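Please read the points below with the sequence and the 3D view open beside you, and look up each residue as it comes up.

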Amino acid sequence: MPPKHNGPNRTLDILSSIGDQAFLGAEVMQNLRDHGLRVDRIAIALIRPDAAQPRRVLPETIHQVFHNQEITPIQALKQYIEKVRIVAREKGRPFETLLDLLMAGEENEGSTQLTPLEQDLRDLTNLAVTLRQDGQVNPLTIVDHSQGAVPSYIIETGERRYWANYIDMEFIPGYQGDGMIPCIILQPHQASVFRQAKENTSRAGLNAIGMARQAALLLLAVHGIHPPDGCVTPDFYRQALDLDLRSKREYSTDVLSAMGGISRQRLSQYKLLLGLPDEALELADRYSLEERVLRYVLQLPVEMQSEAVRQIVQHDLDVNQVRRMLDEAQEVAPKGSVPARNSLQFARLIQAKEVPSVEEIAQILLDQEEDVVILRRKVELLREVLVELERHLEG
Amino acid sequence: MTTPTVVLTNNKGGVGKTTTTLNLAYGLCQSLKQAGAANPRVLIVDTDSQAHATLTATGSKDYTRHNSLCAVLGADRKDVTEILSRVIVASHWLPELHVIPSSAELEATERELFSTPGAPYRLADALGVIRHHYAAIVIDTRPSFSLMTEMGLLAATDAVITLEPRYLETVGLQSVINKIYEIREGWRHPDLRLSGIVVTKFDRRVKGHQEMVESLRQHPNLGKLLCGIIPANEAVAYAHRSHLSVYAYDPTSTASEAYAQMVGWMLKRLFVKEAV
């Protein structure tokens, strides 16, 4: 027999009488409509980090592969740990388990400094141990992104605690939890890029590249551009290079406040860092280079920027050293048809009948530079110039 | 407030457990949407290997041990979340009404679980993983006090007994109540409360039905729990055949009105913070 009086309106009619306050009473209605925040224990397997989160926990390459859904959280951590193991071995501090790394960090305190890669993983392990010992006091904030019958949540704040929980579960022996972690669930309309930004900028540790990504996310959000589903590449953030707050003045206060109360100029300085090539961005992020250092790198031709960042990292150059090195590099650069003064001096040196001794050259150069690190870098540049010169003469 | 989890139970068959499960779940979900609830999602858990609730709510009975409740109950603890994500399906009635389907292989799974330590808590543990995701969960049980039914009772916060208004049914009511209290006290599950009694297939022309309902009403404790009197109505049977809720099949039928009244009663019962 076919359905009688079938239709969505008639179906609703029969139940609408019970879905109102007169029938249910004020208390039931209040409980039903309770949109207030509460802490729930959620299975960690239902939660995913936000691919656009400016603060990176995983190294960029692993971050990209993970958000492309090519690997699971546990596989991502295994790759991360392996990457750190290689660096640690090269530095003569091999470790077997994460607890070894934690101990090694304590032994090395005050003597040899750990590399940023080792230090980040050690800090994450330390957080995992704290969670094991004291429990997770601070809940994650997650946004309900469930589609159909499949529950799923994206982290708004608390990604480090998410990864620390996985380390606790999978990489520290003796886990006895149930795989659930305390979270505050937000509905999609309650999610806020500004709240995430405030959480990021209010705590220490968001480096210059993180600030640049954060600035980009906010600028893009106020211009109605939102991150794509899945992996978010540096090119997504770079779209902000063409945007500013001039056409969105109504958001100026919110954006600058979410960035930690910085000025428009500072916002612009951070944003410009996104112009660095991918490799330079990753290195600068991993080694937490300062904005005032990187702004000098931006003055170089694009093809030289990654190499410049590599040199800064390798020789641990500070801002003054970088400024002087780049100022002088620009002075040496050819300007029109007239050779630079330094080039002429160099040519005369080559023409000299008697080559001065190594000690003499070293002493003179040290007197001029007053900095052995810059001097060594200049010698490297000179070596490259000589190789090029030979190639040029052969041609 | 923890997610209310209602189990429909009676060890007698054919008393309307599945019909009541489906119409209660649909009614709750639709009413929650109507009332503007923050989370209107409702989950039906079909623990009966006949899979009638599954068939009616999803339109399909083609579930195996790999994509039904069997997989959830047989899963290692660390895999439960992933398996639940795979097993739960949306009903074809409302996008917010979801189902953990049953399959004919559930009986074999139950037999396998007999010797597994902690087996009675397997459903409760699994639902604990996704409980927060739902405003309410409604569990349909099989007509017996089997391990599966015990699992349903241990996973629930509210038990509702369905019964036909006949003498022998009334006599059997005490054994159902005893089972609920055995789970509550003997199994140390203090969150479980007897929340309602639904009389189904009521025929006002039958004197015995009227007397039985009247005696229930007069009972000092059970009278307060009488949450619905569902008249015998052909719309219920035809709704099953059409894979529809009774409200959708014939909204003007007496059964639809009676179930709607019961849903309202349950909403008040489930969503007011009162002492158990």
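Predicted model: local features only at pLDDT ≥ 70, side-chain atom pairs only at ≥ 80, totals over all residues.

**Notes on the two chains**

1. In chain A, A:Pro151 is found in the loop between E3 and E4. Leaving aside neighbours within four places in sequence, A:Pro151 is in contact with A:Leu46 and A:Ser146 of chain A, and with B:Ser85, B:Ile130 and B:His133 of chain B. A:Ala88, by contrast, lies 63 residues from A:Pro151 along the chain, and the C-alpha atoms of these two are separated by 39 Å.

2. The strands on either side of that loop can be taken next. Strand E3 (residues 140-144) of chain A and E4(A) pair in the antiparallel sense, over 4 bridges, and A:Thr141 stands opposite A:Thr157 in E4(A). Both strands belong to an open sheet of 5 strands with mixed pairing, in the order E1-E5-E3-E4-E2 (chain A). Its edge strands are E1 (39-43) and E2 (47-48) of chain A, each of which pairs on one side only.

3. Which residues of helix H9 (residues 193-202) of chain A are buried? They are A:Val193, A:Gln196, A:Ala197, A:Asn200 and A:Thr201. Seen down the axis of H9(A), these buried residues fall within an arc of 120 degrees, so they line one face of the helix. The buried residues of H9(A) pack against strand E4 (153-157), helix H10 (208-222) and helix H12 (252-258) of chain A.

4. A:Phe66, in helix H4 (residues 60-67) of chain A, counts as buried because it has 22 C-beta neighbours inside 10 Å. Not counting residues up to four places away in sequence, A:Phe66 touches A:Leu58, A:Ile71 and A:Ala76. A:Gly230 is 164 residues away from A:Phe66 along the chain, yet their C-alpha atoms are separated by 9.2 Å.

5. Chain B holds an open sheet of 8 strands, again with mixed pairing, in the order E3-E4-E2-E5-E1-E6-E7-E8 (chain B). Strand E3 (89-90) and strand E8 (226-231) of chain B stand at the edges with a single partner strand each, so one side of each is left without a neighbour in the sheet. Strand E1 (residues 5-9) and strand E5 (residues 136-140) of chain B pair in the parallel sense over 4 bridges, with B:Val6 opposite B:Val138 in E5(B). Helix H7 (residues 147-155) of chain B packs on this sheet, touching E1, E5 and strand E6 (158-163) of chain B, and its direction makes about 150 degrees with that of E1(B).

6. The largest nonpolar core has 118 residues, of which B:Ala25, B:Leu28 and B:Val42 touch the most other members. Helix H13 (residues 254-271) of chain B gives the most to this core, with 10 residues. Not counting residues up to four places away in sequence, B:Leu28 touches B:Val42, B:Ala136, B:Val263, B:Met266 and B:Leu267. Apart from this core lies another, of 41 residues, among them A:Ile209, A:Ala215, A:Tyr270 and A:Val297.

7. A word on confidence is in order. Chain A averages a pLDDT of 83, and 82% of the residues score at least 70. Within chain A, confidence is lowest in helix H1 (residues 8-16), at a mean of 60, and highest in helix H8 (residues 159-170), at 95.

Note on methods: Residues numbered from 1 in each chain as written. Chains lettered and ligands numbered in written order. Core = buried A, V, L, I, M, F, W, Y, C linked by C-beta atoms within 7 Å. Buried ≥ 20, exposed ≤ 12 C-beta atoms within 10 Å, placed from the backbone. Helix = DSSP H or I, 4+ residues; strand = E, 2+ residues; numbered from the N terminus. Contact = placed C-beta atoms within 7 Å. Arc of directions from axis to C-beta. pLDDT = per-residue confidence, 0-100. Pairing = 2+ DSSP bridges. Axes fitted to C-alpha atoms, helices over the stretch in contact; angles between N-to-C directions.
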